[in-house]
Amino acid sequence: MSIWEAVAVLAAGVGAGTINTIVGSGTLITFPVLLAFGLPPVTANVSNTLGLVPGSLSGAFGYRRELSGQRRRLLRFGITAMLGGLGGAILLLALPSKAFDAIVPGLIGLALVLVVVQPTLAARLRARRERNGTTAHPDGGVALLVGLLFASVYGGYFGAAQGVIYLSLMGLLLNEDLQRLNAIKNVLAAIVNGVAAVFFLFVATFDWEAVALIALGSTLGGVLGAKLGRRLPPLALRALIVLVGLVAIVQLLRK
């Protein structure tokens, strides 16, 4: 890797770490860069996954204040994310590389629709519960766990716009501030990337130079993303989620 290629990978890592912490989809920055510099797709994918782990951790640490009071929820969701991330990592090596190509854009599109209509749907669900005299499950119930499990499988497999899917599911089924949900999203992404990376260490080939550069860049980006993301009002954050998701769909359809 030349010096300019190394600088480009480092910069991609910073961008990915930043956007992952605020929204998600940082993989759409780093993965194409690694492919452009000649790495095979699977090697690029696993190298990218390992390199983004430190960025996920720094982003989650930056949002630590918003995690207050969510320990039980994080434990339930974290176990689910760990199982799903491991399953996705196994599928990456077991299935053809284009196995998810047909469904991923549609999955992200559905997540974006949920992000846009989530305030209206959530208000209607609250009104319906009030009429029926029922209360919502504080952790979203079985429906949210199942949704997070499948989102984590996808995250372990590839992960582009994984954060968008997490936020859409939690926004619909949890009565929480969007920033607090974003904090949970960062922890779940760190778990999925970490579990997948540990699995890949034993069964896959890495480009360690790329891993180191992305790790350094994503760590810096995670810190930057936490500072920027926590200052965004809910409407601006929701708009950014939709914008990033649309970019992800366009890139995936052009592959």
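**Helix packing and salt bridges**

I began with H6 and helix H7 (residues 162-173), whose axes come within 10 Å and cross at roughly 175° in this predicted model. On the H6 side I listed Ala 143, Leu 144, Gly 147, Leu 148, Ala 151, Ser 152, Tyr 154 and Gly 155, which meet Gln 162, Ile 165, Tyr 166, Leu 169, Met 170 and Leu 173 in H7. The residues of this contact divide into ten nonpolar, four polar and no charged.

Next I looked up helix H4 (residues 71-94) against helix H6 (residues 141-157), and found that their axes come within 6 Å and cross at roughly 40°, which makes H4 oblique to H6. I noted the crossing of H4 past H6 as right-handed.

I then turned to the salt bridges, of which the structure holds three. Arg 230 pairs with Glu 66, the closest N and O atoms being 3.1 Å apart. Arg 230 lies in the loop between helix H9 (208-229) and helix H10 (234-254) and Glu 66 in the loop between helix H3 (41-62) and H4, so the pair ties together parts that are 164 residues apart in sequence. I recorded Arg 230 as partly exposed at 28% relative accessibility, and Glu 66 as buried at 12%.

Glu 176 meets Arg 73 in a salt bridge (3.0 Å, N to O), and Arg 180 forms one with Glu 176 at 2.8 Å between the closest N and O atoms. I noted that shared partners join Arg 73, Glu 176 and Arg 180 into one network.

Definitions and conventions. Residues numbered from 1 in each chain as written. Predicted model: local features only at pLDDT ≥ 70, side-chain atom pairs only at ≥ 80, totals over all residues. Heavy atoms only, no water. Axes fitted to C-alpha atoms, helices over the stretch in contact; angles between N-to-C directions. Helix = DSSP H or I, 4+ residues; strand = E, 2+ residues; numbered from the N terminus. Parallel < 35°, antiparallel > 145°, perpendicular 65-115°, else oblique. Left-handed = near helix turned anticlockwise from the far one by under 90°. Contact = heavy atoms within 4.5 Å. Nonpolar A, V, L, I, M, F, W, Y, C, P; charged D, E, K, R; others polar. Salt bridge = Lys/Arg side-chain N within 4 Å of Asp/Glu carboxyl O. Buried < 20%, exposed > 50% of the residue type's maximum accessible area, 1.4 Å probe, protein only.
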